[in-house]
Amino acid sequence: MAKFLEYQGKEWLRKAGMPVPKGKVASSPEEAKEVAEWIGGPVAVKGQVQAGGRGKAGIVKLVNTPEEAAAAAAEILSKTVKGLPVRQVLIEEKLDIKKEYYCSFVINNAREARSPMLMFSTEGGMDIESVPEELIFKLNIDPIFGFKTYDAIDFCVKAGIPDDELSKFASFLTKLAKIYKEYDCQTLEINPFVMTGNGDLVCADCKMEIDNSAVGRHPEFGIKIARDLPGEPTELDLIGWSIEETDARGTGFLMNMGYDEVSPGYIGYHPIGGGSAMMGLDALNQVGLKPANYADTSGNPVGSKIYRVAKCVLSQPNIDGYLLGGFMMANQEQWHHANALVKVLWEELPKKPGLPCVLLLCGNKEDESLEILRKGLADLMTPDGPGKRIEIYGKEYVTDTKFIGERLAALAKEYRAEKEAHGK
Ligand code: GDP
Ligand code: MN
């Protein structure tokens, strides 16, 4: 899913007419100070990462002066939360909070619903998982008629909102429901939205995720990749997306995993299918190797698509090997993989002579595929050739992750020793 950071979600909420605190994003303590001066008065400094529970992680701080805002920003920007470095902070006017509420709109996939669903609680601010079930109110929203004011009033009465506040809450929730639909959200969670001292409802937090399939309808969002990514897309992510976006014939997935290009032990990772990808990781884990990237060429992709993915996987710098992990009896025609691999290895291995390449393929057209690999790569696999560490396996090894891992590890060890001997 295409996810927005809190500050981005809030900007889209603001544009749609929702009340959000006055504020701006900053990337340095100096900028944070300027924003705090512009706001004037006490502010909240909030680390921007794709993770919940920021309050508990110590990256939401309340301060009184611009100097303190700068100091809080410096501290928050030095942190990493759930593996994600904090690169920006949102500086907002501090809210005068009387009470915190929870609401979210999600898709209810249950057979009897298959519609958007509103969840609401008067116990906002904490993880919704820790709110008792009886304090969470849910309503499926008719996808055609939408969420009307009378639905909202009815719902708020059931949720225990006092009479004199009904129209305020109903108007807040119906506006959000409309935004949820217009922006093609998958999730829109406001936890908390708060009632301030003078009785206004304000969105204090925002988690907005756009339906990947609808991203094309929203050029205004400027989403480069309609995929779930932990942060800004890397160059490899963008290339991977371009392979998928321009060719719908089977899956050709490629994604960066943030490997550091100087450490040893990373393998260009090319599994075929999700289950296979897990077994491939099992193979690597058993011998202390790591995947440089994530990939997947399943769903019977054409050879040209597999070729493009494999080419990217193999061209990653400083990898210690390449694994084509067909840990499954695929019914897709495996000769597309075989043909693609022959072409790629002839092109890439002369640039990385001796790179270990363990190729496991099995399933439909297996015999033909292994024949294509053996014949097509024979002249590359001579004892002194750039393909001297290519090994080809079929169905006998389809569940033997230990064996495949060990072969890769043994070849990688040789390869590194050879590289070091040549001073590379
Ligand atoms: P989260 O922990 O990642 O969900 O971050 P939130 O934006 O929800 O902030 C956590 C908590 O900070 C809220 O539930 C509030 O209780 C508290 N908080 C106190 N003052 C403020 C304020 O002025 N603004 C905001 N946004 N939160 C505040
Ligand atoms: Mn929150």
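Helices (H or I, at least four residues) and strands (E, at least two) are DSSP runs, numbered from the N terminus. With that in hand, welcome to a predicted model, in which local features need pLDDT of at least 70, side-chain atom pairs count only at pLDDT 80 or more, and totals for chains, interfaces and linings use all residues. Residues are numbered from 1 along each chain as its sequence is written, chains are lettered from A and ligands numbered from 1 in the order in which they are written, and side-chain values use heavy atoms, leaving out hydrogens and water.

**Domains**
- The protein chain is assigned domain 1 (22-93), domain 2 (97-221) and domain 3 (235-421); such bounds come from an automatic or database domain assignment.
- Taken over C-alpha atoms, the centres of domain 2 and domain 3 are 45 Å apart.

- Four strands form an open sheet in the order 2-7-3-4, with antiparallel pairing (two strands pair if DSSP finds at least two bridges between them).
- Strand 2 (23-26) and strand 4 (60-63) are the edge strands, each pairing on one side only.
- From one strand to the next, the twist averages 20°.
- Strand 2 and strand 7 (residues 89-93) run antiparallel and are joined by four bridges, and Val25 stands opposite Leu90 in strand 7.
- Helix 2 (residues 29-39) lies across strand 2, strand 3 (43-47) and strand 7, at about 170° to strand 2.
- For that angle, axes are lines fitted to C-alpha atoms, for helices over the stretch in contact, and angles run from 0 to 180 degrees between N-to-C directions.

- Asn293 sits in strand 17 (residues 293-296).
- Asn293 counts as buried because its relative accessibility is 0% (buried means under 20% relative accessible area, exposed over 50%, partly exposed in between, with a 1.4 Å probe and protein chains only).
- The Asn293 side chain reaches the backbone oxygen of Tyr269 at 2.9 Å.
- Beyond neighbours within four places in sequence, residues in contact with Asn293 include Leu236, Leu254, Met257 and Val313 (contact means heavy atoms within 4.5 Å).

**The manganese site**
- Asn191 (O) and Asp205 (OD) coordinate the manganese ion (ligand 2) at 2.1 Å.
- Asn191 lies in strand 11 (residues 185-196), and Asp205 in the loop between strand 12 (201-203) and strand 13 (207-210), 14 residues apart.
- Asn191 and Asp205 are both buried.
- Donors are N, O and S atoms within 2.8 Å of the metal (3.2 Å for Na, K and Ca), and water is not among the atoms, so sites may look incomplete.

Terms used:
Polar contact = N/O pair within 3.5 Å; in protein donor to acceptor, adjacent residues only side chain to side chain.
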